[in-house]
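Keep the structure open while reading.

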Amino acid sequence: MPEPAVAALSAACAARGLDPALIPGVVRYLELLERWNRVHNLTAVTGAEAMLDRHVLDSLSVLPWLHGDRVLDVGSGAGLPGLILALADPVRDYLLLDAAAKRVRFLRAAIAELGLARVRAEHMRVEDLRPAPGFATVVSRAFAAPPEFVRRAGHCVAPGGRLLAMLGQSAAAEADLPAGWAYRCVEPVRVSGSSASRHIAVIEREAA
């Protein structure tokens, strides 16, 4: 991994109060992703520095909004944000869900390589998942617009839990949600090395 990218990751860890011990894991993850990407086309983003900026640092931006001890990443793709969050926050259990078999094969290989004992990946559509109990946090990155995210994944949220939608423009969170759900907040986030607009929409069940 290029030295500037490692320096950028170190700075991002310091800014977020993260343990720099996660850096070797992130570096190994990016190496694996680059290697698999040449054959399996897992992401359109290429090069370690670009992947760091557009994937890893973006994934880390959702950390402050995680809730509870069980996290579901819907449409995880190459493990974004779930696998990156698990590296930075190893005290929670993570399920990475994706409907594409090749992505799940990569996720399982990365989980094994990185020794992430509290992370698992499943080849499944979220509509077919029936978790018992539900998840305290259900997160998505580029999976669906907030109303569709709620319709497809809301049944996976435990009582008192939340959905986290990672968005570009805040206008995406102006769409009406299904009945019984409401935006708790829509917060801007700053991703190091990027000028792109990014927001986190926190969605919860409305009080009875």
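This is a predicted model: local features need pLDDT of at least 70, side-chain atom pairs count only at pLDDT 80 or more; totals for chains, interfaces and linings use all residues.

Residues are numbered from 1 along each chain as its sequence is written, and side-chain values use heavy atoms, with hydrogens and water left out.

**Cores**

In soluble globular proteins, nonpolar side chains tend to be buried together. A nonpolar core here is a set of buried Ala, Val, Leu, Ile, Met, Phe, Trp, Tyr and Cys residues joined through side-chain atoms within 4.5 Å. Buried means under 20% relative accessible area, exposed over 50%, and partly exposed in between, with a 1.4 Å probe and protein chains only.

The largest nonpolar core holds 49 residues. Tyr29, Leu83 and Phe106 have the most contacts inside it. Helix α2 (residues 23-40) gives the most to this core, 8 residues. Helices (H or I, at least four residues) and strands (E, at least two) are DSSP runs, numbered from the N terminus. Another core, of 21 residues, lies apart from the largest one; Phe135, Phe149, Ala153 and Leu177 are among its members.

What does Leu83 contact, leaving aside neighbours within four places in sequence? Its partners are Tyr29, Leu96, Leu107, Ala110, Ile111, Leu114 and Leu116. Contact means heavy atoms within 4.5 Å.

**Aromatic pairs**

The whole structure has 3 aromatic pairs. Rings of Phe, Tyr and Trp (its six-membered ring) pair if their centres lie within 6.5 Å; planes under 30 degrees apart count as stacked, over 60 as edge-to-face and the rest as tilted. Two of the pairs are tabulated.

| Pair | Centre to centre | Angle of planes | Type |
|---|---|---|---|
| Tyr29 and Phe106 | 6.1 Å | 55° | tilted |
| Trp36 and Phe106 | 5.5 Å | 65° | edge-to-face |

Tyr29 is in helix α2 and Phe106 in helix α5 (residues 101-114), 77 residues apart. Trp36 also lies in helix α2, so its pair with Phe106 ties together parts 70 residues apart in sequence. Ring pairs link Tyr29, Trp36 and Phe106 into a cluster. Tyr29 is buried at 0% relative accessibility. Phe106 is buried at 0%, and Trp36 is buried at 19%.

**Largest pocket**

The largest pocket contains about 380 Å³ of space. A pocket is an open set of points on a 1 Å grid over the protein atoms alone, where a 1.4 Å probe fits, with protein on both sides within 12 Å along at least five of seven lines; lining residues have an atom within 4 Å of a point. Grid points are joined across faces, edges and corners, and the volume is the space filled by probe spheres set on the points.

The pocket has 23 lining residues, and Gly75, Ser76, Gly77, Asp98 and Arg141 are the closest to its centre. The lining divides into 12 nonpolar, 5 polar and 6 charged residues. Ala, Val, Leu, Ile, Met, Phe, Trp, Tyr, Cys and Pro count as nonpolar, Asp, Glu, Lys and Arg as charged, and the others, Gly among them, as polar.

**Local features**

A cis peptide bond joins Leu80 and Pro81, with omega about 10°. Pro81 sits in the loop between β1 (70-74) and α4 (82-88). A cis peptide bond also joins Ala132 and Pro133, with omega about 0°. Pro133 sits in the loop between β3 (119-123) and β4 (135-141).

Ala142 has a positive phi, near 60°. Ala142 is exposed, at 76% relative accessibility. Arg162, in strand β5 (residues 157-167), is buried at 10%.
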